[in-house]
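Please inspect the sequence and structure shown here before reading on.

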Amino acid sequence: MTKMTVGHPGEKTPEAEVTGGGSSALRTAETLLRVAPMGLCLAALILTLKNSADNDFGSISYSDLGSFKYLVYVNGLCAGYSIFSAFYTAIPRPMSMSRAWILFFLDQVVTYAILSAGAAAAEILYLAYKGDDDVTWSRACGIFDGFCRKAAAAVGVTFGAVACYVVLSLMSSYRLFSSYRPPVSSFTAAEDVSEAVAFPGR
């Protein structure tokens with residue numbers, strides 16, 4: 001009689017330890033994709049750090065705005081993570097489940113961090129351009145136009161990095177969760193067991 005094993009929901013496949021290892025070409029492509037955000041993050045970081053203005057109405061710098069200080073910190077963190085993760089994936093070794101979980105977790109954290117930083121800076125920039133009469137927030141970009149243009153460029157570059165990290169998050173999610181079998185319903189499992197008992201040896 002042939003012995004039948006019914007899988008449990010969420011059970012790892014026998015190939016789970018090596019799923020997602022990929023060929024050298026795929027590993028190279030992922031490594032390059034992980035390096036790309038580093039350049040974008042550094043560009044946004046430099047643009048923000050060098051952004052200041054001084055005229056007859058006063059002076060302004062990125063350090064005067066908490067959202068842009070946060071943008072600097074997060075871009076620096078993400079640039080460091082990009083180079084770390086690129087080296088991590090470039091090493092030619094099988095992709096174990098522990099490595100897949102580490103990349104998945106870190107990719108999610110970095111993606112949400114840089115998205116929040118870009119969104120916070122974009123909100124401040126919007127108020128600087130449009131103002132808010134309800135809270136008597138004036139349109140500062142009419143006075144500090146050069147500062148606003150550089151800030152807008154930094155925010156735009158940051159969202160370019162966000163797009164890269166979203167793609168990387170999708171890749172690491174697919175690699176991790178494709179290593180698990182889809183859940184088997186109790187009805188299907190019971191039906192398979194009944195067939196195995198009724199027709200032994202099939």
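The paragraphs below treat the annotated segments, the nonpolar core and the aromatic pairs.

The model is predicted: local features need pLDDT of at least 70, side-chain atom pairs count only at pLDDT 80 or more, and totals for chains, interfaces and linings use all residues. Residues are numbered from 1 along each chain as its sequence is written, and side-chain values use heavy atoms, with hydrogens and water left out.

**Annotated segments**

An unreviewed UniProt entry carries the annotation "transmembrane region" for residues 32-50, 70-91, 103-129 and 151-171. UniProt positions follow the numbering used here, feature names are shortened, and such annotations may be inferred rather than shown by experiment.

**Nonpolar core**

A nonpolar core is a set of buried Ala, Val, Leu, Ile, Met, Phe, Trp, Tyr and Cys residues joined through side-chain atoms within 4.5 Å. Buried means under 20% relative accessible area, exposed over 50%, and partly exposed in between (1.4 Å probe, protein chains only). The largest core has 28 residues, of which Cys41, Phe68, Val74, Cys78, Ile114 and Tyr165 touch the most other members. Helices H1 (24-49), H2, H3 (97-130) and H4 (145-177) each give two or more residues to this core, and the largest share, nine residues, comes from H3. Leaving aside residues up to four places away in sequence, valine 74 touches Ala113, Ile114 and Ala117, where contact means heavy atoms within 4.5 Å.

**Aromatic pairs**

Rings of Phe, Tyr and Trp (its six-membered ring) pair if their centres lie within 6.5 Å; planes under 30 degrees apart count as stacked, over 60 as edge-to-face and the rest as tilted. The structure holds three such pairs. Phenylalanine 84 and tyrosine 88 are stacked, because their ring centres are 5.8 Å apart and their planes meet at 25 degrees. Both residues lie in helix H2, four residues apart, about one turn of the helix. Phenylalanine 84 is partly exposed at 44% relative accessibility, whereas tyrosine 88 is buried at 14%. Tryptophan 101 and phenylalanine 104, both in helix H3, form an edge-to-face pair, with 5.8 Å centre to centre and 85 degrees between the planes.
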